[in-house]
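Please open the structure in a viewer and keep the selection tool at hand.

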Amino acid sequence: MGEVKLKRRDFLKIGGITCLSTLFTPLNNLVPFISFAEAAESEAKYSITKKIPQVCARACECDCAYNVVVGVDKATGIERGITIEGRPEDPVSRGKYCIKALGFVDGMYNPDRLLVALKRTNPKRGVDQDPGWVTISSDEALDEIIEKMKKHKREEMVFASPGDPYSNRLCRSLGVRRSDQRTECFGTHYYLNALMVTNPPNKYYSSTYTVTHSIWGFDYSDTKYMLWFGFDSFSKCGKAGILNHIAEGKRKGTKIVGFNPLRTPMADGLMDEWYPIKPGTDLAVTLAMIKIMLDKKIYNEKFVKNYTDSASLIDAETRLHITNSDGKWMAWCTEHKRMEPIETCDAPALDGGPFTVTVDGKDVQAMPVLQLLKENVKDCTSEWAAKISDVPADVITRVTREFAEAAPNVCIPNLKRDPAGPNYANSWRLMHTINILHALTGSFDHDGGVLFLHDVKIPWLEDVDPPAKPYPPLPEKAPDFRHEFPVTEEIYQKKDFSAPGHYGMIGYGLYKTDMTKVVVFKGPHRGLAALIQPQMTEKALEKMDLVWDWDLYLDDIVYWSDYVLPAPHQFEESKLDLRQYYPKYPCLVAGEPVQKAPGDCIGWGTIAKRIGLALAPEYWTTDGSSDPDKVIEGNMNDAALKAVGVAENTEEFLTEQNGIWIDKKPYENYKTIREIGYGRPNGRVRLYIDEFVKVSHEPLPKWAERWTSSEGEYKYSLLITRAAWHMHADPNFINNEALNVVSEKNYIDCVWISPGAGKKLGLSEGDSVVLETNPKYMEELPRPVKAKVHITNRIARNDCVLLFHGIGHRSKWLKHGRWGYRDGDLIPQKNPEVSKPHDPTGMGWVEDVYVKIKKA
Amino acid sequence: MGKYAILLDTRFCTGCNTCFYKCVQENRLHESANQGYARTMVLIRDKGLFHHRCMHCEEPSCVATCPSGAFAKTPEGIVLYDSQPCLGCKSCVIACPFNIPQWDMKKKEVIKCTMCAHRVLKGKQPACVEVCPTDALEFGLYEEITGKAKQIAAENKLNIYGLEENGGTSVIILTKEDPIAIGYPEVSKSATKARGPKTIVGTAAVAALAYAGIKKYTERRAEIEGKKDE
Amino acid sequence: MAGLQTSWGWLIAVYLFLAGIAAGAYICAFVSWSKFRGDNLISRVGIFLAAPCLGLSILFLFFDIDRPAQFMNAFFRPHSSMISVGTWVLTIFFVICAIQWLKCVLAREKTISESNLVWFVGFIFAVLAAFYTGVLLWEMRGIPFWNTILIPLLFLASALSTGIGAVLIGATVYRSLKKDAGVDAINLHYLYKMDLALICIEAAILFVYLLVMGLSSQPAAVNSVQTLLTGSLAPVFWILFIVVGLVLPFYFEWSLYSKGISKHLSSTIAASCLLIGGLTLRYLILSAGTFSTFKLLL
Ligand SMILES: Nc1nc2c(c(=O)[nH]1)N[C@H]1C(S)=C(S)[C@@H](COP(=O)(O)OP(=O)(O)OC[C@H]3O[C@@H](n4cnc5c(=O)[nH]c(N)nc54)[C@H](O)[C@@H]3O)O[C@H]1N2
Ligand SMILES: Nc1nc2c(c(=O)[nH]1)N[C@H]1C(S)=C(S)[C@@H](COP(=O)(O)OP(=O)(O)OC[C@H]3O[C@@H](n4cnc5c(=O)[nH]c(N)nc54)[C@H](O)[C@@H]3O)O[C@H]1N2
Ligand code: SF4
Ligand code: SF4
Ligand code: SF4
Ligand code: SF4
Ligand code: SF4
Ligand SMILES: [Mo]
């Protein structure tokens, strides 16, 4: 082959052509366009067969109404609950719902759901013991349980159960104590099985002094100014039922100032100002706020005079409200210079004194409540509070002024576990100050402020099927020591048997006393295992004669149970719900079963009736006989609908009104506050709590340190919250792999510390650490917690550490419950003697834990 | 049908991930989600929230990089994936400047948002938008959404992400913090314009020159050597 | 914290590596063909190696894709994407190599006689193939570490170098099998020289590349550099790539070249080192490719 000499011309030619082709090839327009309708996924992946109205239960207090969409999944051809669809007509959810509601849908089909009853054959209980389960029919299991229960005295049994109507009736009829920590917590939560009325607005259970029982909601959409004391938790991040209102308010210009050592996404986006307050010191800020309002007289005098006990006189000696023979509070009339009933006094003194008045013929010195309050807070300056809380003094002063200016369209929302909830030692005091601030601003029972439920009356089981004769007395002593706390014992015994128990102490009671032999766990309430210092409860359960559980899954508690009865899923039951967490309009919502409970599932109502009929038949039959044919029917849904005058029965309500009733009349300010006898007996808010005086506590809030303090290496204050997509330790979520993935990607399986603390401890991201509780406060059975750290500036302080609640799991029957650490392991069970001086209600329990962090 | 866009105002986002799980249920993606693949997921990070979701670029890199035509852009502004022709080369995974497409190893397909084409076709909003408890997500016509985004951003001194990134996208994100500080990728304003194929043609030209050069050079050497030999 | 890039794993590294060798060997063959004005050992070895390497390379691509049944789709839209362009480039290149291979091996011709046109097209496609392996990465916007023209340049240099390595081994094997090939020893020296230059060029590009990326405003690129230099890939980078892949071959080739000798052993060691280095480089660049969102996604 001859060689062709490449000529200069060819050279240029080749180069040129190639270069030109670069320019001309249509490479710039590579994007293939297809028309939209040609999309590979132009059809839904499922076809809808029906939509079942439901109400969200046991995931938060909002109780969103929605439809569960049932359809055929095209990929599998199986008909099942697919997803949720919002109901825009519902004034609470307004067409929204959250990830937990969606999780519940898939929870129905969780392959690890318990569908048969199980009985233990290995008598040894414990997490390292194989229970040797044998299956048994639910009927038989119940028979055996009843036989065993018959052998025990009522003093030897305790129901770890929320105070739903059936549990209440069962315990009362058997004369057995019931103990839990959060009956009041939410709506349907407790009525899953009994499926009846939810969220009874118990009028007597006043929030003023129990600090836990919220009988109100907050008008998030119309409020102008909100203060959030730890309200912006990760738990709140998912609460669709309130978030949609907060968002609306925010778009209209609500100002939000938040205090939380943790900066959550709610702080990022929704807050105008955020202060990383020192844990446990919110009380100092609110006390300073009260002082500023009183000193500058920027409170709502009209409201204070007309709707509170501020002008009522307190006897300097007894330290109780002075009342006349009618039980009415008395005020000092500045015109007539004498004591007059508060209701008829035209010019009651709010301050000044002491006034000398005659009570029962004796001269006593008396002062109005507001004056006492002033004296109580006289040293609580902004500067003082700033030093304690690390919130700048000028901020406290300015925020107080702005808050007062925006009144009465202001509020300090607080739900269950944020610092004004029952879980922190000083919560009751904080809640008290918040109530006072709501009173001073006149935002109670006012739109834009704190909303009360108007005009809905809901009967309970006791009203529908009154017991044929008075219930037997309860055992004198409670394993949760409630009997040692008269403030709550009185409510429980006399006013509201559904009142929360002293869960902070039940483990201690079971472990330290020998009074209990039988423990009944009613799910949804695996509580004891996920709660505080479960190790103490576990140890105690080992020695019991009988432990049984009614649950949806085989989770940790069953390692100590002799029988487990399979429970239906909340979507497999009907409900009637009265929503009081956004009670702007009176409203009732009903839910229908989405499907029949599979397997051998047995409802709580059925269980309660069976046990009741066997052990205390006279309370479970309509005529007090023992005739099983006369067993009480107990349809509270129908009774409730009738009482409100909405429908004859649930069937009619569902078919004719689509299961939703809203009374959309405008909110009438200051109506319920009188009607419900809030702060009895005068339909006034009580700032001054006589009950506390009787148990040697302060009737008006005063600054107090936390119970425990930071000491040496034990200097990290424990903060707890939950991921928006996990609900406590509920396996509906913990056992959902997709949600676990989200958790992992968001470091929810880690403990969170600040970069500053991380540096001091020589830790870097992902290191393993061990957390230990100060042994001074956890003398017995400590169980250090091991986890990886996530170092994040979302923890804004170097003196705390954040744990996520509920992620710890040990049950080997849950395929996806794969994580180890449990916040509760670090929180000591309470000794009632230790509690009493700090807490008149005995209900503070998750609070005040200081831990040591060390590299593992 | 017009051109659509999604507005995400992160001020209202709480990181609840309801959008994530709704997408999973609506599109029946449980199995993929169990392995960590999602069409949208919100990650809570130090400086803010990061939404991992397809931006529906005006000139999508995924489309430009996909050899099989599995990716396509529609006039509605939506970028769609069709698993049928896909080779599984995973170029799209690496090519997307926002790191969006994920390769589901079990299903052997790309996980990527369709902007719920099946719902939009029926006049509904995308599932994740509809479900957002705070309406942090909003769906609408492109012009309206971008107009609104600019207005909100100006009024509230917010950053806009997506308007110009990668040549503009149909998902507009408003943030308080600098989006790059939150962790959103710093993406050049210009789109991927098939830089590669063009380069190849250019290279061919250069190679041709090199060929000629080598030839000339060796010929010259031979000549010189030939002369030397003489 | 940021894991290694795995969407394109070792199969792709081998794919890029083998394509590079094929291209390098071919270019080597061509240059020798021009230089020696016709048939010579190097050209023959180059041609002998190019086609199989390329075939293997494509096979590795085929193994990597997860839906091989759809492989043909890569051909249907020729300039839709880099992969398509590359598939065509490699295919055409393969056809040419195959023709020359067949002629050289099956036809048992003593010489590889070939038209200039074939060499021309072959050469262009060889360069394209070598360059393509880098452009492919350059295209990938999700990985800032790759977003530079230096990548194709680096890969081109490395392709040539590994091509030389492969040819060296081939030639050595050939020579040890057929003792009559002694004359060609001198030719190898020119390969050593070329490769010494290439190693220097490669090192220089790498230096500039890492410098640019290390100072980049993209945290992902900086992270990539860190992963390479001090992170989880550092041992591989320093030992397998820098020492084994660059320093050792340079040392051996330099000593062979400067002493004007050609020892089988040193030559083979040098060449093997080149190959190890080349494969390692591909693997390192791929694995260290941190995604832009690495700080966010686990
Ligand atoms: N996703 C989800 N939602 C839920 C639940 C769930 O498990 N998961 N649970 C439901 C139930 S039962 C409840 S009770 C509620 C609980 O919901 P929340 O009442 O919101 O309770 P936590 O999540 O524990 O949040 C407590 C917050 O207080 C902050 N904090 C701690 N100590 C202090 C302090 O001293 N001062 C201040 N200012 N802040 C402090 C913590 O940082 C945290 O942000 O949520 C309900 N909603
Ligand atoms: N350490 C620590 N302990 C805590 C808290 C904390 O923050 N830290 N928080 C406390 C608070 S505020 C609360 S409210 C309690 C909550 O404590 P629990 O109410 O005990 O909550 P979970 O652990 O989620 O248990 C719920 C149970 O209900 C079952 N369940 C779920 N859905 C259904 C259903 O549809 N039907 C039926 N029948 N069962 C169902 C689940 O299987 C699960 O066993 O925990 C308290 N404990
Ligand atoms: S916000 Fe979520 S968990 Fe709470 S009631 Fe509504 S849907 Fe249920
Ligand atoms: S649903 Fe809305 S608020 Fe929740 S994470 Fe998604 S965008 Fe944010
Ligand atoms: S974000 Fe990525 S996947 Fe989505 S259209 Fe743009 S390039 Fe494609
Ligand atoms: S993996 Fe991605 S780039 Fe490759 S063919 Fe499939 S869609 Fe296209
Ligand atoms: S638009 Fe549809 S497909 Fe895309 S993330 Fe939202 S729900 Fe998923
Ligand atoms: Mo709770």
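Which residues come nearest to ligand 6? The model on display is a predicted one. To find the reply, select ligand 6 together with the 14 residues around it; Cys66(B), Cys86(B), Cys89(B), Lys90(B) and Cys92(B) are those that come nearest. Next, colour this shell by residue class: 10 of its residues are nonpolar, three are polar and one is charged.

Now turn to chain A. Select residues 46-107 for domain 1 of chain A, then residues 716-855 for domain 2 of chain A. The C-alpha centres of these two domains of chain A are 31 Å apart.

Proceed to the place where the two domains of chain A meet. Here, seven residues of domain 1 of chain A contact eight residues of domain 2 of chain A. Between them, the two domains of chain A bury about 690 Å², and 66% of this area is on carbon and sulfur atoms. On the side of domain 1 of chain A, select Arg58(A), Ile99(A) and Lys100(A): these lose the most area to domain 2 of chain A, and together they make up 56% of what that side buries. The residues of domain 1 of chain A that touch domain 2 of chain A comprise three nonpolar, two polar and two charged.

How many salt bridges does the rule find across the interface of domain 1 and domain 2 of chain A? The number is zero.

Conventions
Residues numbered from 1 in each chain as written. Chains lettered and ligands numbered in written order. Predicted model: local features only at pLDDT ≥ 70, side-chain atom pairs only at ≥ 80, totals over all residues. Heavy atoms only, no water. Domains from an automatic or database assignment. Contact = heavy atoms within 4.5 Å. Buried area = accessible area lost by both parts, 1.4 Å probe. Salt bridge = Lys/Arg side-chain N within 4 Å of Asp/Glu carboxyl O. Nonpolar A, V, L, I, M, F, W, Y, C, P; charged D, E, K, R; others polar. Near = heavy atom within 4 Å.
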